[in-house]
Amino acid sequence: MYNSQQIEPLLSAQQMARFESCWQWFNMVIYPLAVILFLIPIIQLRPIHRDLIDGRSVSEDVLKTSQRKVVNLPWWFLAVASVGWLICIPVFPLALASLDEPLSSNVVVHLTTSFLIASLIAVTHSFFAVELVIQQTLFPVFFQTGTPANVPGTAPMTISQRGLMWSASAVVSPVLSLVLLILVPDATESAPAFALVVAAVAVSFGMATSLLLGRLVATPVLELKRASLAVAEGDFSAQIKTLRADEFGMLINQFNSMITGLAERERLQATFGRHVGREAAKQILAAQDGVDYKSASGTLGGTKQLISVMFADVRNFTAQSADAPVDDVIAGLNLMFGEAVKIVEKHDGMINKFLGDGFMAIFGSGGVPSSDRQHADAAVEAGCELLARIDALKEDFEKLGWSQMKIGVGINTGIAMVGSIGAPERHEYTAMGDTVNVAARVEALTKSTGYDLLITGTTYDALSTAKNFVELPRQNVKGKSTSLQIYGAVNCD
C-alpha cells in the first residue's frame, strides 16, 4: 500500500517496469537465500535433536555446542532477516537510477522509508515468534538437564532490548511514516487518508507485538507467582519448569535453588526435631542462622535460664529385659518413648535425650527453656499424663513381655546452663548444672519412696496449684551437702 500510494505515482512507465522486475527477481533470489541461511543451523541441530528425543547419548561437548546454538538462534534469524530486508535499500534505488531517466529524490526517501518500516515490523514480530517457538519446542529437548540461563557463550535478548524492539516496531516506524507524509510531497495528495491507514496499521501491529512480548514476559511472572503462593503454603515441590535464557532464566534458577534450600531446611528441621523436638528445632535453627560458632554467643554458646527438668526411667529394666527377646525389649521401649515424646511435646516441652531405658526432658515456653515459670505446671502435667498413659497401655506392654511396666518420674526447677556444646563439627543442645543433676537424683528416689512421681521443693513452689502432692521426709542425695525437700504425687488426675 505504501508503494502503490506514495512511490508508484512518482515513477515513469519505464521506471515502473524496472521496479516490478526488481522486486520479482529480489523475491526469487534473496528470500530463498535468506531462508536457506536461516535453516542451516536448524539442519545442523536436527541429528542431535533426534538423538536426544530417542534417548541416545550425546557427548558433553556436542551438547554444549548445540545448546549454545539453540539459545543464539533468534539472533541468527534477526541477522539474516535484517540483511534480507535492509539490502533492499541500496538495491532498488540503484536499479532505478541505472535507467537513463532522472530519478526523483522523493522516490529514494519513500523507498528507504518503506523498507525501514517493513523490516522493523516484520523482523520484530518474527523475532518474538521465533523466540517463543524455540522456547516451547527446542528448549525442552536440548535442556533436559541444566538450564538455558547457564550456557556460556550465549547472549539472550534482555527485557530492555525487547522493549526497544517493541518501541521501534509499534511506535517509531508508524510515527516516522506519518512525519515523512508531512515533510515529503505527496504525489497522490492522499496523505490524510493514508495517514489514517498508517495509524490503524500501527495500532494493529502494536497490539500484536504486545501480545507476543506479553507471552514472553507474563508467562514466567505468572509461574513465579504460582510457585511463590505454593511455597507460602508449605509446598516445597513447586519447582518452576519454564526454561528461559534471559534474566527470567537466572531468576527462575535462583528461585528453584531457594525452594530446594527451603526443602532441605525443612528436612533438616524434621530430622533435627526428632532429636530435640519440633518446636525446639525451629527455634534453635532460627537462633543460630548466620551466627559464627567462634563467638561467645554463637552456636557453641549458651545462657543461664530458669527451667524445669524431668527425668524418667523404667523400673527394674535389667530384670525385665534379661531373658526377653531383644526385639520385644526394643519394641517396649519404643512404645514408651513414642508416648513420652507426644505427651512432652503436647505440654510444650522437649525430650532432650534418651538415656537407655529413660529420658531427660526440658520444659519451657515453646519447647525451649525460658523464664516462664508456668513450665513447672507443664512438666508436672506431662509427668502425670505419662504415668496414666503407661498404665492404660498395660495390655500392649504385656504382649511384648513387659507385664510389670512401670516408670519413675522426677522433676526439678531451677537455673541451668542451656545451649549447644561440643565441637564445631558436632553439637548437642542440652541443659547442664546442678538443676539437672538434682532432677536425676530425684527420679532415682522413686524406687525407695514408693511414689512414681516426685518433685523438688523449688518445683512445688513454682506450681500454680499443688494440692495433689504431699510433703515427704527430707532426703539426702549425692552431690548435695544438705538434705533435699521433696514432694510425692498422690493423685495426678
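Visitor: Which residues does Gln485 touch, not counting residues up to four places away in sequence?

Guide: In this predicted model, leaving out residues up to four places away in sequence, Gln485 touches Ile455, Thr456, Gly457, Glu471, Leu472 and Arg474. The residue itself is found in the loop between β7 (469–471) and β8 (486–489).

Visitor: Is Gln485 buried or exposed, and which backbone oxygen lies 3.1 Å from a polar atom of its side chain?

Guide: Gln485 is buried, since its relative accessible area is 14% and the cut-off for that class is under 20%. The backbone oxygen is that of Leu472, which lies 3.1 Å from a polar atom of the Gln485 side chain, and Leu472 is also one of the residues that Gln485 touches.

Visitor: How should I read a nonpolar core, and which residues have the most contacts inside the largest one?

Guide: The general idea is that a core is a set of buried residues, taken from a list of nonpolar types, that are joined through side-chain atoms. Here the largest such core has 39 residues, and Met336 and Phe359 are those with the most contacts inside it. At least two residues of this core come from each of β1 (302–314), α12 (326–346), β3 (358–363), α13 (375–392), β4 (407–423), β6 (453–456) and β8. Among these elements, α13 gives the most, with nine residues.

Visitor: What is Phe359 in contact with, leaving aside its neighbours within four places in sequence?

Guide: With those neighbours set aside, Phe359 is in contact with Met310, Phe311, Ala312, Met336, Phe337, Ala340, Val344, Ile351, Lys353, Phe354 and Leu386.

Visitor: What is the general idea behind a salt bridge, and how many does a search of the whole structure find?

Guide: Side chains of opposite charge can pair when their charged atoms come close. A search of the whole structure finds eight salt bridges. In one of them the side chains of Glu339 and Arg389 meet, at 2.9 Å from N to O. Because Glu339 lies in helix α12 and Arg389 in helix α13, this pair ties together parts that are 50 residues apart in sequence. Glu339 is buried, with a relative accessible area of 10%, whereas Arg389 is partly exposed, at 34%.

Visitor: Which residue forms a salt bridge with Lys346?

Guide: The partner is Glu385, and the closest N and O atoms of the pair are 3.0 Å apart. Glu385 lies in helix α13 and Lys346 in helix α12, so the pair ties together parts that are 39 residues apart in sequence. At 27% relative accessibility Glu385 counts as partly exposed, while Lys346 is exposed, with a relative accessible area of 55%.

Visitor: Which residues are linked in a network of salt bridges?

Guide: Asp51, Asp54 and Arg56 are linked in such a network. Elsewhere, Lys394 forms a salt bridge with Asp391, with the closest N and O atoms 3.8 Å apart; Lys394 counts as partly exposed at 43% relative accessibility, and Asp391 counts as partly exposed at 47%.

Visitor: How far apart in sequence and in space are Ile7 and Val108?

Guide: They are 101 residues apart in sequence and 9.0 Å apart in space, C-alpha to C-alpha. Ile7 has its place in helix α1 (residues 2–7) and, at 0% relative accessibility, counts as buried. For the protein as a whole, residues 24 or more positions apart account for 71% of the contacts with a separation of 6 or more.

Conventions
Residues numbered from 1 in each chain as written. Predicted model: local features only at pLDDT ≥ 70, side-chain atom pairs only at ≥ 80, totals over all residues. Heavy atoms only, no water. Helix = DSSP H or I, 4+ residues; strand = E, 2+ residues; numbered from the N terminus. Buried < 20%, exposed > 50% of the residue type's maximum accessible area, 1.4 Å probe, protein only. Polar contact = N/O pair within 3.5 Å; in protein donor to acceptor, adjacent residues only side chain to side chain. Contact = heavy atoms within 4.5 Å. Core = buried A, V, L, I, M, F, W, Y, C linked by side-chain atoms within 4.5 Å. Salt bridge = Lys/Arg side-chain N within 4 Å of Asp/Glu carboxyl O.
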